Amino acid sequence: MTSNRITRRGTMQMMGLAGAAGLFAPNLLVSRALAAAPDAPTGQIIVGFSQEPTVFNPLMPRIEVDDGVQLSLFDALFRISPEGEFIPALAAEVPTIENGGLSEDGLEWRVKLRDDVKWHDGEPFTAEDVKFTLELVVDPNFRSWRTTGHDLVRDLTVVSPTEITWRMEEPFAPYMAILVETMMVPKHILGPEEDRNNAPFNQAPVGTGAFKWGSRTAGDHLELVANPDYFGEGPYIERLIYKYIPDLTVLYTQFKSGDIDIAGSQYITPDNYEEAKTLPGKVVEVVPSPTVESLFLNMERPQFKEKAVREALYAALDKQAIIDALYYGLPTPTESYLPQQSFFYNPDLPQHEFNIERANQILDEAGWTRGAGGIREKDGVRLSFTNSTTSGNHLREQAQQFIQQTFAEIGVEMTISNKPPAVMWGDYWTNSEFDTVIVGIVFTTGADADVTVRFHSGAIPAQDGAGSNTGQYQNEEVDKLLEQGTSTFVPEERKEIYHQLQKIIRDDLPLLPMFQYATVRGHKEGIMGIVPNINTRIDTWHAAAYYWDN
Amino acid sequence: MARYLLKRLGQSIVLLIIVSMIGFFMLHLTPGGPLSQYALTPGMTQETIDRIAEQMGLNRPLPVQYLDWVWRLVQGDWGESYRDNQPVLSVIGRHLFATLLLMGSSTAISIGIGTWIGIRGATHRYSAFDYVATVGAMVALSIPTFWFGLVGIYIFSLELGWLPAGNMYEIGNGSFLDYLHHLIMPSVVLALVNIAIWSRYMRTATLDVINQDFVKTARAKGVSERRVLMKHVVGNALLPMITLAGMQLPNLLSGALVTETVFTWPGMGRLFLDSLGYNDYPVVMGLLMFSAILVLLGNLIADLISAAIDPRIRLS
């Protein structure tokens, strides 16, 4: 145990350092003052991605790397800073109750826009584009990524080219965070299109962002070029290239050889961290990610109905051993589903302790007795279940074996049944056909801590609910808090609600939280302006600020 | 001849229909689907996934989807990729160029060197050269390509810095010499195994021919040893190689997945794997039909060439 503690402290220090590095790195607002960014865009930067970006209409379903590209091409009304603060982007200011942008009840919205923004083709950006975008998102014929929040918007009114208002059907506080992820598309291009799902725009996007669309070589790379008329900071480089490298070992090799300038998503694998740190001419740092790894339980299975069982399983989960032995000590153990950097994170949750004796004791007291083969049972229910995850994910597969062993010590039989990704995350996951799953989930929506779709009893797809509560967790108190949280607009008040919520979920254990991931990121020495942001899905959220210092 | 071709064509069409049906249904019956990659997206709900599946026509009965696909295919419409909406044929076309370049140069290297080693091994049987070639072939066949690839990258890119660590060309350059520079390592690595295969086949084929009566007759007539070898031995030994080459044609175009991955070469092998990984049905089906046609075509061409060269074979 002692050695584990030391490692844990070491990890925390590392995280602290990474955080500090973030503070010293040129920030959004002060980079010009700190280091000399070039006056005119110069040079190029190649970012390596291990998945291929293929979706360029920012309103359609997308994965992380698509986000990475879209954030360079487009802007939303607001952006979110690494500290979780909303910053105006296309909007002139962030609407609040104080500045009159938001009514007391949170129903009336008034957003003022910048008047100096142009689309990449030179057309001015106006409130008409905002209206068009927010209407397109809920168009039933459009293959839209997400309608949550947008479906509550009514009476969209263009007051002037720089002002738009609307009314919400019901108060919905997470909408601000959703707007951060809703990038604006041009009405004058997409408007006249008959079929917006297959419009040419989707393969040659026109945005307002720091970079313009250059060209794409499918299966290999895509090239963006500087937008000299960008309204915000930057861009400082002429060309931004996203290079697709489909294998993480090869991604690392090309980072080492210098073929790519930034090792982007999904970054450097933990096993290469020790070596990466020593590479000459490279900057390598550990950055916390919002993904929380957990042992996810299907609460409708008779084995998990009783809280004592869940508590015992949690006590028999040797998190620290998994973190140290498999993940090189990089992730941070956690008790919450929220990232620890979140504004809403509750740091006072009870600490997990790995204790086999205690786990056995809990099960003994609850009346689960050992039957055939040493497996505990009670009222005809055997403590035996399957555990699944993506096959081929070696670290998770090894973690399963750790867990299998410690669970066996408390008379619980866990069999491993892994599936390829398309199968695993298809109906098997969404329709709750699993017993337990090891999964890494980002529970937040941008920076917003609303988890209604994950934990509300009305969000269970297997019970005809709308959402992704695939663990089928049901708790009236949780429902109530979730509803309160989305209709409260004062951040401090919401924080209290979400602290309470985290406490209940930690106590109830519908999922056994293991750790919050950390990623190892690397770039060549001399690239400035890289700032990690836990509130976005990808490292290139602000490529506009990148430049070479040499 | 025309009747023969017509008969082969008829057989091919029946085969293609069977292949397409098996492929289509197996692909669609595996659980999961093209939308499962979005299941873990923050804020994604089953409702949204169902709505998009409906819009994409993914929830229609399978036979309907199959007939729809066949009907379009007959009209020349291979469909569009689910991932980036590009027409399937143009997706295949773009990756085909990369694959042709890599496989073409690697095949040229392997056939050239492989046949030479094979012939020399056969004419100098049990010589030091023959032993080295045999052992070398065993080694090349036993060691996986990715290992050669990684070792090559380690030595020539990371340590010596002579050759690039991957990619087809340097972004922003793309000149002929740039392509050539990038082509050296992957094509040689890929050729290593094939040199071994070709040399073994060629050695056996040459040995079969070298002791036949007509070769002895030629020698007895006083034909020079060089002429005997080139005209009588090699000419005849190459015959079975044509069938082998015909069977290699689909390989040539389906790409070399491992090499393409290690050297980030955007070819057909990677396209196939990526499309399978994302359940991009239209592209996977397109690739399946494309390679099925190539297999049939490759066999047909090999048969025709054999008939043209070898008067003993009659097509009927």
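## Contacts and cover

Contact here means heavy atoms within 4.5 Å. The model described is predicted. Among the elements that cover the buried residues of α3(B) are α1 (2–29) and α12 (281–309) of chain B.

## Helix α3 of chain B

Helix α3 of chain B runs over residues 62–74, 13 residues in total.

The buried residues in α3(B) are Leu62(B), Gln65(B), Tyr66(B) and Trp69(B). Viewed down the axis of α3(B), its buried residues fall within an arc of 100 degrees, so they line one face of the helix. On the face turned away from that buried side, α3(B) carries the exposed residues Leu67(B), Trp71(B) and Val74(B). Just after α3(B) comes Gly76(B), which has a positive phi of about 90 degrees.

## Leu297 in helix α12

Helix α12 of chain B contains Leu297(B). With a relative accessible area of 41%, Leu297(B) is partly exposed, because that class lies between the 20% limit for buried and the 50% limit for exposed. Leu297(B) and Ser12(B) are 285 residues apart along the chain, yet their C-alpha atoms are separated by 9.0 Å.

## A nonpolar surface patch

Phe146(B), Trp147(B), Leu150(B), Leu257(B), Val258(B) and Leu273(B) make a nonpolar surface patch of about 510 Å². Two or more residues of the patch come from each of α6 (145–159) and α10 (257–262) of chain B. The largest share, three residues, is that of α6(B).

Phe146(B) is found in helix α6 of chain B. Its relative accessibility is 41%, so Phe146(B) counts as partly exposed.

Terms used: Residues numbered from 1 in each chain as written. Chains lettered and ligands numbered in written order. Predicted model: local features only at pLDDT ≥ 70, side-chain atom pairs only at ≥ 80, totals over all residues. Heavy atoms only, no water. Helix = DSSP H or I, 4+ residues; strand = E, 2+ residues; numbered from the N terminus. Expected span 1.5 Å × (residues − 1). Buried < 20%, exposed > 50% of the residue type's maximum accessible area, 1.4 Å probe, protein only. Arc of directions from axis to C-beta. Patch = residues over 30% accessible without salt bridge, like charges linked within 9 Å, V, L, I, M, F, W, Y side chains within 5 Å. Areas by Shrake-Rupley, 256 points an atom, 1.4 Å probe, with all protein chains shown as cover. Salt bridge = Lys/Arg side-chain N within 4 Å of Asp/Glu carboxyl O.
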